[in-house]
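Colleague: I would like to learn how to read pockets, domains and helix faces in a model, and I would be glad of a worked case.

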Amino acid sequence: MTILLGAIADDYTGATDLANTLVRQGMRTVQLFGPPPSGMRVPEADAVVIALKSRTIPPADAIAQSLAALEWLQGAGAEQFFFKYCSTFDSTPQGNIGPVADALLAALNQDFTIACPAFPENGRTICYGYLFVGAQLLSESGMRNHPLTPMTDSSLVRVLAAQTSHGVGLVDHRTVATGSKRVREAFAALQAEGKHHAIVDALSDGDLLTIGAACADMKLITGGSGIALGLPENFRRAGKLPAGAVADQLPAVPGPGAVLSGSCSQATLAQVAFMQQSRPSFQLDVMKLAAGEDQVGAALDWAIEQLAHGPPLIYASAAPADVRAAQDKLGRARAGDLLEAAMAGIAKGLIAAGVRRLVVAGGETSGAVVQALGVDGIRIGPQIDPGVPWTTTLGQPELALALKSGNFGVEEFFLKALDCAP
Ligand code: ADP
């Protein structure tokens, strides 16, 4: 197969978010969970997104996994490459955005790329290099309390500079407003100064289209899913992608549905509360898990009984104070691992009980669930809410999955998603 765009994403829901953008712009897109095993038949696609779970692992591991993904994408003939991370620039003080971007640049024999996590449709905008979530600076948003990657500095130039030994420059919105030619010139000027990275301001989808056009010849682009908005048009302009193509068709996957939520993001907490108004729910207790209680068995017994009456909700999601209390007792990583493992076990049990449609909230949580289910890849279908499409699995049994990154989706997201499942 020959693909046009090859992308590497640092978490599973982020990969789906990117794939969703590409599909909406007319690129048939397949998402793979890691480089595919040899012998796996990858369906024909214009773009392939390889999803990793590399956001919070040690930088050396993130680099190794990203380079392996790059190698597969190069082998599949990709012309351009994309490193996708979260629209809130989620990273630890060590990375992995800077280290992975540097490694990919080196492997591609390049010395310049952009970093643009902006996603205006979801309220993420960048102004003078400062990232906003809605009207709040990143560091004043709910992201300051994230269980794994608390973001306490809104200056992306500063955050990225701390993760790379190469220079980080800025192309601000005044330049972006003057069009893609001037943006390209600004890239060239920063490159001439020896900078390897440019944070690029974007306040609107129009800005993203301008930046996308300016990146037509850039071998590697890094950013959120928003910046991918302008890339398919480059391929269309070059005659490599047909105009008006429908890229979001999925096979029908009938069967019972369920919702698993391991995200503690503000949007998810509201979604959990909303679904609880009309559906019964089961809350996992991390302290009971730590004490060795069979929460997985208890949740499954409860959920399987509920299935006949409609989709059940199983959640670990909790308010920041409760999350902190659990982390103080167990440690951040252990609390997260215990709950992710429990969600993974519950997902397996639900599928064994006949569930075929699963909504999962949380990036890390989705990663754990997809790994436990042994899913190698998914086809990307129609969008439910910005950044979240329905997908169907490539292997057997065929499942419909909606993998939702923490902060995405309207309040009624869970039931809305199940109502429009394929
Ligand atoms: P998001 O997409 O919102 O970032 P993730 O699933 O990526 O969600 O991350 C949330 C992390 O928090 C997971 O590791 C999850 O297991 C953990 N977590 C969920 N609920 C709790 C809780 N009540 N206490 C501590 N950690 C929790």
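Colleague: What volume does the largest pocket have?

Modeller: First, a word on the source: this is a predicted model, in which local features need pLDDT of at least 70 and side-chain atom pairs count only at pLDDT 80 or more, while totals for chains, interfaces and linings use all residues. Residues are numbered from 1 along each chain as its sequence is written, and side-chain values use heavy atoms, with hydrogens and water left out. The general idea is that rolling a probe the size of a water molecule over the atoms shows where empty space is left. On a 1 Å grid over the protein atoms alone, a pocket is an open set of points where a 1.4 Å probe fits, with protein on both sides within 12 Å along at least five of seven lines, and a lining residue has an atom within 4 Å of a point. Grid points are joined across faces, edges and corners, and the volume is the space filled by probe spheres set on the points. Here the largest pocket comes to about 720 Å³, and among its 43 lining residues Pro147, Gly262, Ser263, Cys264 and Thr365 are the closest to the centre.

Colleague: Which element gives the largest share of that lining in the largest pocket?

Modeller: Helices are DSSP runs of H or I with at least four residues, numbered from the N terminus. Helix α13 gives the largest share, six residues, and α10, α12, α13 and α14 (363-373) each supply at least two. By class, the lining of the largest pocket has 16 nonpolar residues (Ala, Val, Leu, Ile, Met, Phe, Trp, Tyr, Cys and Pro), nine charged ones (Asp, Glu, Lys and Arg) and 18 polar ones (the others, Gly among them).

Colleague: How many residues of domain 1 are in contact with domain 2?

Modeller: Contact means heavy atoms within 4.5 Å, and on that basis 31 residues of domain 1 are in contact with 35 residues of domain 2.

Colleague: Which residues of α12 are buried?

Modeller: Buried means under 20% relative accessible area, exposed over 50%, and partly exposed in between (1.4 Å probe, protein chains only). In α12 (residues 320-330), the buried residues are Val323, Ala326, Gln327 and Leu330. Seen down the helix axis, they fall within an arc of 100°, taken from the directions from the axis to the C-beta atoms, so they line one face of α12. These buried residues pack against α10 (286-290) and α13 (332-352), whereas the face of α12 turned away from them carries the exposed residues Ala321, Asp328 and Lys329. Gly331, with a positive phi near 90°, follows α12.

Colleague: Is Ser66 buried or exposed?

Modeller: Ser66, in helix α2 (residues 59-75), is buried, with a relative accessible area of 1%. Leaving aside neighbours within four places in sequence, Ser66 is in contact with Ile8, Leu52, Val100 and Leu104.
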